[in-house]
Amino acid sequence: MGFFDSAQEVLDKGVSAAKGAVSGVAVEQQAFMKGFVRLCNDGWNQGWHERNGGNLTYRMTPEEVSSCRTFFYDAPSSWVALGVQADDLRGEFFAVTGSGTHLHNVALDPDRNAGIVEINSAGDAWRIVWGLKGGGVPTSEFPSHFLCHAVRKRVTNGANRVVYHAHPTAIGACTLVLPADARVVTRALWKSLTEGVIAFPAGVGVLPWMVPGSSELAQATSRQMGTYEAVVWAQHGLMCAGTDFDATFGLMQAVEKAADVYVRARSMGGGGEPANVISDEGIRATAAAYRLPVNEAFLD
């Protein structure tokens, strides 16, 4: 089939089909979608996304929604109940990875492995307006992301827009040897790497193991997100929030690097707690030097 035959075939399917044919290119060229795709690929390159592990959501700005609206589907999908509700997110639009998506495929085929969903006026249901081709749906962790977005939007006056979940190895290993206690885990991380208190001065939240994708996990994570930008899911992974893709990815990197140093030090020391760690006074001094609101409850 020649070029003109192909063009005629598209035209024969009507304006709606032609619009859909170009929509992927147009949306993929948006700056936010390029950042979205890059984060997925960067996480894959870190080894944080085995198989279909991990997911990403981004709350779009009104300007981004406006620039993409021309390319939204003429007939969006039906509304699907979220199972959770948030007044703060009524009418918002989110870029999301798809359920079952292998994140290294997002860069190869964004409009099949990711999409944009609209939230209804009640704040309790979504519908697909772009992408997720071939019957795709948002990540099964979308309820957790959704409630975290609601909390982070509220406590940051709208500044936080990204929620990212991955399966970093070292922080997962930490949850096998440390209790599911925010103070204990935070202190281990802060004392292992100077960058720790700089990157997460509030500390990290920690939750015991819960069923992935469950309402229980969503509710518990959102409660922790009222205090922390990073929440550890024991024997599972890490959830991070941030203002943009770089900030969120960098936060996860910092948590994982501190955990990696801690795990290696314990291994080198025969399994015991490391001997030469950063003192509480050192942590306070670093926080003061960088004018950071360190969580004093986690210091002796």
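A: Begin with polar contacts: pairs of N or O atoms within 3.5 Å; within protein, one must be able to donate a hydrogen and the other to accept it, and residues adjacent in sequence count only if both atoms are side-chain atoms. Helices (H or I, at least four residues) and strands (E, at least two) are DSSP runs, numbered from the N terminus. This is a predicted model: local features need pLDDT of at least 70, side-chain atom pairs pLDDT 80 or more, while totals for chains, interfaces and linings use all residues. Residues are numbered from 1 along each chain as its sequence is written, and side-chain values use heavy atoms, without hydrogens or water.

Q: Which residue caps the N-terminal end of α8?

A: Asp181 does; one of its side-chain oxygens lies 3.0 Å from the backbone nitrogen of Arg183.

Q: Is Ala188 buried or exposed?

A: Buried means under 20% relative accessible area, exposed over 50%, partly exposed in between (1.4 Å probe, protein chains only). Ala188 is buried, at 11%. This residue sits in helix α8. Leaving out residues up to four places away in sequence, Ala188 touches Leu178 and Tyr262, where contact means heavy atoms within 4.5 Å.

Q: Why is α8 largely enclosed by the rest of the structure?

A: Because seven of the nine residues of α8 (residues 182-190) are buried. Among them are Val185, Leu189 and Trp190. The cover over the buried residues of α8 includes α7 (169-177), α9 (195-199), β7 (205-207), α11 (245-268) and α12 (280-289).
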